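Keep your viewer open and follow along, selecting one thing at a time.

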Amino acid sequence: PQSRHEKRSGVRMSLDHQQISTARRLPGGPRIAPQRAPNEYYPTPPAATRAFLDAERFDGSIWECACGEGWMAKEIARAGYDVFASDIADYGYGKAGLDFLESAIPRGKHIVTNPPYGDGLADRFVRKALALTAITDGKVAMLLNLNSLAHPARHASWIKRPPARVFVLDDCICFPQGNPHEANRWTRTHRYCWAVWTSAPVTTTELRWLSTAPYQPQRRAAP
């Protein structure tokens with residue numbers, strides 16, 4: 001029988017216990033450090049997606065290519081977009097088993113996602129998304145760790161193909177498996193931004209600040 005953790009996440013993992021104790025691996029992908037969540041699954045809080053979609057508009061269909069349980073894809077659909085959701089793992093939502101990095105055909109005009117970060121995966125997702133949207137004349141939007149904007153290994157990439165806009169979020173916590181109880185001491189210290197690349201390359205980047213506060217669930221006052 002499935003454990004509580006397995007039932008909650010819906011992930012069908014193929015790794016044995018010995019592998020999990022030393023390293024995790026995305027299906028068909030690179031090794032993931034033991035302290036990271038299986039499949040690099042850190043779902044995006046709905047408020048972070050809602051705030052972004054109010055600030056950035058899209059003129060066609062959107063592919064959410066690392067959809068997990070659909071946290072982001074559902075918000076994109078609620079905003080009125082035609083969204084195609086997929087993931088390399090099976091979370092019971094969207095098209096499972098689709099390896100974005102091996103995809104040759106765009107599944108939407110635009111690509112919007114929170115990519116896996118470990119072992120350089122986010123960089124590979126950005127490069128792949130830019131290649132696919134070059135076919136569709138679409139935009140790429142990625143939720144990235146703010147630290148990724150200031151990293152010596154990425155400096156040349158940012159200079160070569162800078163995003164048109166960067167939206168810095170004031171409050172966004174991406175918990176492992178979406179579960180606060182699985183957070184470590186670093187989880188709440190990470191800060192995030194949305195980076196948006198347009199089909200036409202730019203030479204300068206517009207920086208904006210974006211608050212998730214107006215999009216957070218309303219908390220009832222104690223009686």
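Predicted model: local features only at pLDDT ≥ 70, side-chain atom pairs only at ≥ 80, totals over all residues.

Begin with the sulfur atoms: the structure holds zero disulfides, a disulfide being a pair of cysteine sulfur atoms within 2.5 Å. Select Cys-65, which is in no disulfide, its nearest cysteine sulfur being that of Cys-67 at 9.1 Å.

Residues are numbered from 1 along each chain as its sequence is written, and side-chain values use heavy atoms, with hydrogens and water left out.

Are these two cysteines buried or exposed? Cys-65 is buried, with a relative accessible area of 2%, and Cys-67 is buried at 3%. Buried means under 20% relative accessible area, exposed over 50%, and partly exposed in between (1.4 Å probe, protein chains only).

Now select Glu-64, in strand β3 (residues 62-64). Strands (E, at least two residues) and helices (H or I, at least four) are DSSP runs, numbered from the N terminus. Glu-64 is buried as well, with a relative accessible area of 2%.

What surrounds Glu-64? Leaving aside neighbours within four places in sequence, its contacts (heavy atoms within 4.5 Å) include Met-72, Ile-76, Phe-84, Val-112 and Thr-113. Show the side chains of Glu-64 and Thr-113: they make a polar contact at 2.7 Å. A polar contact is a pair of N or O atoms within 3.5 Å; within protein, one must be able to donate a hydrogen and the other to accept it, and residues adjacent in sequence count only if both atoms are side-chain atoms.

Next, select strand β6 (residues 110-113). His-110 and Val-112 point one way, Ile-111 and Thr-113 the other way, and all are buried. In a regular strand the side chains alternate between the two faces of the sheet.

Which strands pair with β6? β3 pairs with β6 in the parallel sense over two bridges, and pairing requires at least two bridges found by DSSP. Look for Trp-63, whose bridge partner in β6 is Ile-111. Strand β7 (residues 140-145) also pairs with β6 in the parallel sense, over three bridges, with Val-112 opposite Ala-141.
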